Amino acid sequence: MRIFGLSIIVTVLSLLAALVYGGPTALLLCAILGVLEVSLSFDNAVINASILQRMSEFWQRIFLTVGVVIAVFGMRLVFPLAIVWITAGLNPVRAFDLAMNPPADGALTFADGSPSYEKLLTDAHPQIAAFGGAFLLLLFFNFILEEREVTWLGWIERPLAKLGKLDMLAVVLTLGGIVIAAEFIAADDDRSTVLLAGILGVMTYILVDGLGSLFHAEEHAEEQAAAGPSAVIKATGKAAFFLFLYLEVLDASFSFDGVIGAFAITSDPILIALGLGLIGAMFVRSITVYLVRKGTLSEYVYLEHGAFWAIGALAVILLITIGVHVNEVISGLVGVAFIGAAFITSVIRNRREKAESDEDEDDEPAGLEEPTPVG
């Protein structure tokens, strides 16, 4: 309750606010949006936890407070409005007015033929999906092409790790995916914007991840010299700041499919902010805290692998959605399937290792009894 208590309170208050705002129908829609966000973002929580473990306690608190505010209001409310504002050339006030006053009967255009907020956001999907898909795909390749002591799907992870010795292969594969998406999936009018957005996604990942690694290496060397060879060094200062930025960009990439999926349920930005932002983001925060504090990733060693495979699948789905509609339930279930399989196999591995350890203890020869003294 200490970890999930605040999320439960926020959920109850959000549902009450939805009830006051729009009655029982709004209450139901808000609850559905909350469930949708949690199901789509569980792999996000696992990745957040794996990165937070590398940060100092101060920066962990910053991400779990300031970062959540950005996730709630920035990514789930301001981000969609900004997309409409930038892509349609509307000022923020007009974009918000469109969001709050949609056409009657769920139409995508008004009587005069002008597009609705939902249509403007949906029209911007190709470039946003290209950016998010490229960012997540590069994240996946950087993980899967690195040699690791523990592998989950060893039959494919070990050969890929050997290929990963080829420098910059992850970038090459990601750019290849963008080219394929632009050439064979995107509409003719969207090819250039998809290519540009995908390249920007790659550049953003390299910049943020590279700066974080650079400053962490510098600070690690200084602090290691002061603390001694056995000290565990966590990111602080500039290194932690860029890890923070990295997490925020990652959250944006994860959240966009949820925002688009929400429009299949409602286009009301207030309900989207309550369901996706407050309920969904708060529970993702609580799951992240739980994974960090309980050491779950260390205990269930395949969870991180499952999360990255889910990221790879989500990246591919995002690139496919540039030209083909994919039901959001599918992307949510794919992530849950990978995480669930990783958890189950982690449990099996732990039990097998415990059984082998018990057998080794039983097989150890009993100590020789000391001879009885004579006389």
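With a relative accessibility of 33%, Asp 97 counts as partly exposed, a class that lies between buried (under 20% relative accessible area) and exposed (over 50%), with a 1.4 Å probe and protein chains only. The structure is a predicted model, in which local features need pLDDT of at least 70 and side-chain atom pairs count only at pLDDT 80 or more, whereas totals for chains, interfaces and linings use all residues. Residues are numbered from 1 along each chain as its sequence is written, and side-chain values use heavy atoms, with hydrogens and water left out.

Which residue does the side chain of Asp 97 meet in a salt bridge? The partner is Arg 94, at 2.9 Å from N to O, where a salt bridge is defined as a side-chain nitrogen of Lys or Arg within 4 Å of a carboxyl oxygen of Asp or Glu. Side chains of opposite charge can pair when their charged atoms come close.

In helix H4 (residues 117-123), Asp 123 and Lys 119 are four residues apart, so about one helical turn separates them, and their side chains meet at 3.0 Å, N to O. Asp 123 has a relative accessible area of 44% and is partly exposed, as is Lys 119 at 27%. In helix H13 (residues 328-363), Arg 349 and Glu 353 are also four residues apart, about one helical turn, and the closest N and O atoms of their salt bridge are 3.1 Å apart. Here the two ends fall into separate classes, for Arg 349 is buried at 15% relative accessibility, whereas Glu 353 is partly exposed at 38%.

Helix H1 calls for a closer look. Although H1 (residues 5-52) has 48 residues, its end C-alpha atoms are only 21 Å apart, short of the 70 Å that a straight helix would reach; this expected span is 1.5 Å times one less than the number of residues. A kink of about 140° lies at Gly 22, shortly before the proline Pro 24, the bend being the angle between axes fitted to the seven residues ending at a residue and the seven starting there.

Leu 19, which is placed in H1, is partly exposed with a relative accessible area of 36%. Together with Ile 8, Ile 9, Val 12, Leu 13 and Leu 16, Leu 19 forms a nonpolar surface patch with about 520 Å² of accessible area. Such a patch is made of residues with over 30% relative accessible area and no salt bridge, nonpolar side chains (Val, Leu, Ile, Met, Phe, Trp, Tyr) being joined within 5 Å and like charges within 9 Å, and the areas come from the Shrake-Rupley method with a 1.4 Å probe.

Asn 48, also found in helix H1, is buried at 4% relative accessibility. Leaving aside residues up to four places away in sequence, Asn 48 touches Phe 63, Leu 247, Leu 250, Val 284 and Thr 288, contact meaning heavy atoms within 4.5 Å.

Lastly, a loop residue: Met 168 lies between helix H6 (154-163) and helix H7 (169-185). Its phi is near 65°, a positive value in a residue other than glycine, and Met 168 counts as partly exposed at 47% relative accessibility.

Notes:
Helices (H or I, at least four residues) and strands (E, at least two) are DSSP runs, numbered from the N terminus.
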